[in-house]
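Please look over the sequence and the model shown here, and then follow the paragraphs below from the surface to the charged side chains.

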Amino acid sequence: MATKKAETIVNPSFSKTQLVKSNRFNTESDLLNALLRDNKLYTISEVEKKILDFKKGKVK
């Protein structure tokens, strides 16, 4: 019988610099510079959530 191998899904993490320079976030580069910290790694889903949360924010 064939044995099943446990598959682990790895979400790659990226630095602020990598994300700002990426083609995926080229229109939000200024926003990423303001929202993200320099010495922290982020997944794509974390960055997308931060962008959405910021855009949904209300002005006081």
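The protein chain has an accessible surface of about 5,600 Å², and carbon and sulfur atoms hold 52% of that area, where accessible areas are taken from the Shrake-Rupley method with a 1.4 Å probe and, for residues, only the protein chains shown count as cover. This is a predicted model, in which local features need pLDDT of at least 70 and side-chain atom pairs count only at pLDDT 80 or more, while totals for chains, interfaces and linings use all residues. Residues are numbered from 1 along each chain as its sequence is written, and side-chain values use heavy atoms, with hydrogens and water left out.

Of the 60 residues in the protein chain, 23% are buried, a term for residues under 20% relative accessible area, whereas exposed stands for over 50% and partly exposed for what lies in between, with a 1.4 Å probe and protein chains only. The chain has three helices and zero strands, so that its elements, read from the N terminus on, run α-α-α; helices (H or I, at least four residues) and strands (E, at least two) are DSSP runs, numbered from the N terminus. Among the contacts in the protein chain with a separation of 6 or more, 40% are made by residues 24 or more positions apart, a contact being heavy atoms within 4.5 Å.

Side chains of opposite charge can pair when their charged atoms come close. The structure holds four salt bridges, each defined as a side-chain nitrogen of Lys or Arg within 4 Å of a carboxyl oxygen of Asp or Glu. One of them joins the side chains of aspartate 38 and lysine 16, at 3.1 Å from N to O. This pair links distant parts of the chain, since aspartate 38 sits in the loop between helix H2 (29-35) and helix H3 (44-56) and lysine 16 in helix H1 (residues 16-21), 22 residues apart. Aspartate 38 is exposed, with a relative accessible area of 56%, whereas lysine 16 is buried, with 11%.

Another salt bridge is formed by glutamate 28 and lysine 55, whose closest N and O atoms are 3.5 Å apart. Here too distant parts of the chain are linked, with glutamate 28 in the loop between H1 and H2 and lysine 55 in helix H3, 27 residues apart. Glutamate 28 is buried at a relative accessible area of 16%, while lysine 55 is exposed at 53%.

Within helix H3, lysine 49 and aspartate 53 are separated by about one helical turn because they lie four residues apart. These two residues form a salt bridge, with their closest N and O atoms 2.8 Å apart, and aspartate 53 is partly exposed, with a relative accessible area of 43%.
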